[in-house]
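Dear colleague,

Please find the structure below. My notes on its aromatic pairs and on some backbone angles follow it.

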Amino acid sequence: WFATMMSKKINANTFVKKVKQVEDEGVKIGLGDTVLLWWPTWTWKTFRFHEKVPQMIADGEIDYAEKITVTDGFEDTDFLAYISPKAEGGISIIERSIVTMLREASKGKRVAICIDELNRWSRSLMNLILTFIDSIDWDNYVLNNFVADERIIIPRANLLVYATINLGWRYSGINSMDEALK
């Protein structure tokens with residue numbers, strides 16, 4: 001139904017009502033799903049994740065949830081780790097909590113992640129995410145964590161990948177979506 005909705009010109013309020021109607025009719029987003037919502041800003045795309053996740057945790061459907069907001073200049077290394085100065089001099093490379101969470105999902109924990117504003121990605125982040133969310137064998141996601149020189153293999157049944165894209169000329173000049181995501 002989403003592709004049909006996107007091919008029609010409808011306003012944001014109609015879209016939100018349709019999403020709620022589909023949920024009320026028993027269509028449930030859950031573990032093993034990859035969800036991509038694209039629409040103009042202020043159409044409740046990210047809010048839907050924040051609205052559902054606490055209830056999924058309370059119901060015991062998931063163990064952890066994390067949201068990553070992609071900003072201009074966000075690179076693949078920013079998704080995986082960050083650099084922190086040491087008090088005694090030098091730097092430390094610190095793994096992001098989302099990577100730790102995904103490693104836990106590979107061991108059986110149930111995780112929901114939201115990658116917000118995905119179409120602000122850099123080329124390096126695009127390559128990392130596209131290979132991550134493309135479960136070629138239909139059973140697993142694979143995160144190539146080159147910072148730690150590891151491949152994290154996550155059963156689809158342990159992960160909900162939820163991503164948003166803001167389209168439209170009024171939002172940071174972003175008005176297109178990468179064809180590979182479609």
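**Aromatic pairs and backbone angles**

A search of the whole structure finds 2 aromatic pairs (rings of Phe, Tyr and Trp, the last by its six-membered ring, with centres within 6.5 Å; planes under 30 degrees apart are stacked, over 60 edge-to-face, and the rest tilted). Phe49 and Tyr162 have ring centres 5.4 Å apart and planes at 40°, so this pair is tilted. Because Phe49 belongs to helix H3 (residues 45–58) and Tyr162 to strand S8 (residues 159–166), the pair ties together parts that are 113 residues apart in sequence. Helices (H or I, at least four residues) and strands (E, at least two) are DSSP runs, numbered from the N terminus.

Phe49 is buried at 4% relative accessibility, and Tyr162 is buried at 4%. Buried means under 20% relative accessible area, exposed over 50%, and partly exposed in between (1.4 Å probe, protein chains only).

Phe132 and Tyr141 form a tilted pair, with 5.8 Å from centre to centre and 45° between the planes. Phe132 is buried at 0%, as is Tyr141 at 0%.

Most residues other than glycine have a negative phi. Glu117, however, has a positive phi near 60°; this buried residue (10%) lies in the loop between strand S5 (111–116) and helix H6 (123–133). Asp149 has a positive phi near 55° and is exposed at 73%, in the loop between strands S6 (140–145) and S7 (150–155).

The model is predicted: local features need pLDDT of at least 70, side-chain atom pairs count only at pLDDT 80 or more, and totals for chains, interfaces and linings use all residues. Residues are numbered from 1 along each chain as its sequence is written, and side-chain values use heavy atoms, leaving out hydrogens and water.

Yours sincerely
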